[in-house]
Amino acid sequence: MRVAVVGSGFAGSLVARVLAVQGHDVVLLERGTHPRFAIGESSTPLANLALERLASRYGLDDCYDLAAHGRWVARFPELGRGLKRGFTFYRHHAGRPFAPDGSRTERLLVAASPSDHIADNHWLRADVDRHFVQAAVAAGVEYRDRTVVTADMLTALRVDFVIDASGPGGFMAQQLAIPSALSRMHTHAGLLFSHFDGVRLFPDVVAGLPPGPYPDDWAAVHHIIDEGWMYSLRFDHGVTSAGFLLKERVSGAPDEIWRRLLQRYPTIDRLFADAKPLMPLAYKPRIQHRLTRAAGRGWAMLPHAYAFVDPLFSTGIAWSLRAIERLGLLFENGGRGPTEQDLARYDALLSAEADQIDRLVAGAYHAMARFDLFAAHAMIYFAAVSFAEIRQRLQQHNAWSGFLGVGDPELGGLPRASLRRLRHVRTPADRRGFVQWASNAIAPRNVCGLANPAAHGLYPVDLDVLVRRHQVLGMSRESLISALPALRGGGGVGV
Ligand SMILES: Cc1cc2nc3c(=O)[nH]c(=O)nc-3n(C[C@H](O)[C@H](O)[C@H](O)COP(=O)(O)OP(=O)(O)OC[C@H]3O[C@@H](n4cnc5c(N)ncnc54)[C@H](O)[C@@H]3O)c2cc1C
C-alpha cells in the first residue's frame, strides 16, 4: 500500500519504518525540520517493553538498545538521555521548606527497575526524534520536511492510507473538520516550562532523607504544590527538563510566573536557585486536547494526534508505542491494509484509553490536596502498570489489550470510582476510608506489595513480594520462581 505518515515525531517515524519494513511504500511528511525541541521525554517499563517487541517483530535492533539505559549508553552515547529509576513525588507547602518528617513523610518513591543497567530513560527528544527519522529513511521511507501538507498533495501522492502523527498539530482534525471532544475531559491544566542547566539534587537541598530504593533525582520527579505540580527530568549531561502544571490560568510574563511560584515554595526555590533556562520559559494556558474520532476509512491517528491529558504518570510514550504495535499488526494483512472493522476497533480502544488516562489524572489532581490521598490514588496507576508489565514479561502480550487496565474486570473501573470518591472526601475519617478503599480495590492486581503502610512510601523492586503474590498472576509459586531469570535479565519488575 502507499501510506502517508503526517508528522515525524518519534511515533510518526517509527510507524513509518514499521510499515516500510513490511514492504509498504511510505512517505513521511513533516512541516518542520530535525533536530528540533520537543517535549514528552520520560519513558516507562511498558514503553520499553513495547520498543523491545517492535524490535524483535520487525528487526529494529536500535529499538532494543534504546529500551534500557545501559544498552542505550553503550550503543548510542551520542543520543541524549537521562537515567530513570522510578517515580519520585514530594508534597510541598507554601512558605515552608520540605521536611523529611519520619514516617509521616510526604515523599513517595516507586522504583521501576532494579538497576541502572536495565532502567528506563528520559529521551532528549531533539536527538531521539532525529535518530528515528534517520532510521526510517535508512529503512526506505521517503521523507520530506518543511512541507505544508494538503489534501491535494495527498491526492497527487496517490496515497491509499494516511496516518496522522502530527500530535497537537491536528492535521486530520483540520482536514476532516473532526469535532473536539475536549468538553468530556475532566483534566484542566496549563504548562510553564523550559530546559535548565544547574538544577540541584534534592538531597543536596534537603538533609536527613531516609535512603530510598534509588537516588531520588534519577527518576521522573514530581513536586506537588497547591497550584498543581511540577515535573523535573534530569538528563545525564546535566540538563533538566522542568515545568509547572497549573490548574488555574495565570497572568503575567512566563519569567514572572516562574519567580512567583518559586518564591512560594522554598525548597523548589533552592533547587532552582542557580538554574539557568536554556531557552525562554514558555506558558500555555491549557495543554489538553481531545477529538471525537481517532480513525476512519483510509486514515488513523496516533494517540498524541487524537488526545493528550497531562504529563502526570508519563503515559504518552507508552501509549503511542502500543498504538504503533496495533497499526503494525493491521498492516500485516497481505497488503490490503486495515479494514473498516479494524479501524472501528482501533478507534473505540483509543477512546476508552483516553478516558481512562483522563480519569486517573483528574483523580490525582483532586487528591493532591492531601498527600495520603494522592499516594493512595497513585497506587491505582502503579498497580495497573506493574500488573501489565509482569503479565507481558511472564505470560503473554496482546497489543489489543487495553492500556492502564481498560477492559480488565478488576482494574478497568477503578479510575472512575476513585475520581468519584475523591470528590466527596471531606474529613480525616473520609481520608482514612479512601486510603483503605484504594488498598482493597487494587488487591486483586497488586503484584508488587503496593499500598503497604510499612513501606513508608519507599517501594523498591522486590522479587520476594512477587513470589509471595504468585496467585495474583494465576501462577504456582514454582512456576513463578522458574520464570524469575527472565525478569532479572530482561528488565525490571517495577512500574
Ligand atoms: C508537557 C508535556 C509533557 C509530557 N511528558 C511526557 C512524559 O514525561 N512521558 C511521556 O510518555 N509522554 C509525555 N508527554 C506526551 C508526549 O509528548 C507524546 O506522547 C509524544 O510527543 C508523542 O509523539 P508523536 O511523535 O506522536 O507527536 P509529536 O512529538 O507531537 O510530533 C508531531 C510532529 O508532527 C509535526 N507536525 C505537526 N503538524 C503537522 C502538519 N500539519 N504537517 C506535517 N507535520 C506536522 C510536528 O512538527 C512534529 O514533528 C508529554 C506531553 C506534554 C505536552
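**Reading strand pairing and helix packing**

In this predicted model, strand S5 and strand S19 (residues 458–459) pair in the parallel sense over two bridges.

Reader: Which residue of S19 is the bridge partner of Leu109?

Author: Strands of a sheet pair through backbone hydrogen bonds, either parallel or antiparallel. Here, Leu109 has Leu458 of S19 as its bridge partner.

Reader: In which sense do S4 and S5 pair, and over how many bridges?

Author: Strand S4 (residues 86–91) pairs with S5 in the antiparallel sense. Five bridges join S4 and S5.

Reader: Is S5 mostly covered or exposed?

Author: Mostly covered. S5 spans residues 107–111, and five of its five residues are buried. Now take the strand side by side. Arg107, Leu109 and Ala111 lie on one side, and Leu108 and Val110 on the other. All of these residues are buried, so both faces of S5 are covered.

Reader: What is the strand order in the six-stranded open sheet?

Author: The order is S7-S2-S1-S8-S17-S16. The pairing in this sheet is mixed.

Reader: Which are the edge strands?

Author: Look for strands that pair on one side only. Those are strand S7 (142–144) and strand S16 (295–296).

Reader: How does S16 join S17?

Author: Through two bridges, with S16 and strand S17 (residues 299–301) running antiparallel. Within that pairing, Gly296 stands opposite Trp299 of S17.

Reader: Which strands does helix H1 lie across?

Author: Helix H1 (residues 10–21) lies across strand S1 (2–6), strand S2 (25–29) and strand S8 (161–164). Relative to S2, H1 runs at about 165°.

Reader: Now a helix pair. At what angle do the axes of H2 and H12 cross?

Author: At roughly 25°. The axes of helix H2 (residues 45–58) and helix H12 (residues 316–330) come within 8 Å. Angles under 35 degrees count as roughly parallel, so H2 is roughly parallel to H12.

Reader: Is the crossing of H2 and H12 left-handed or right-handed?

Author: Left-handed.

Reader: Which residues make the contact?

Author: H2 supplies Leu46, Ala47, Ala50, Leu51, Arg53, Leu54, Arg57 and Tyr58. H12 supplies Ile317, Ala318, Leu321, Ile324, Glu325, Gly328 and Leu329.

Reader: How many residues of each class are in the contact of H2 with H12?

Author: By class, the contact has 11 nonpolar residues, one polar and three charged.

How values were computed:
Residues numbered from 1 in each chain as written. Predicted model: local features only at pLDDT ≥ 70, side-chain atom pairs only at ≥ 80, totals over all residues. Heavy atoms only, no water. Axes fitted to C-alpha atoms, helices over the stretch in contact; angles between N-to-C directions. Helix = DSSP H or I, 4+ residues; strand = E, 2+ residues; numbered from the N terminus. Parallel < 35°, antiparallel > 145°, perpendicular 65-115°, else oblique. Left-handed = near helix turned anticlockwise from the far one by under 90°. Contact = heavy atoms within 4.5 Å. Nonpolar A, V, L, I, M, F, W, Y, C, P; charged D, E, K, R; others polar. Buried < 20%, exposed > 50% of the residue type's maximum accessible area, 1.4 Å probe, protein only. Pairing = 2+ DSSP bridges.
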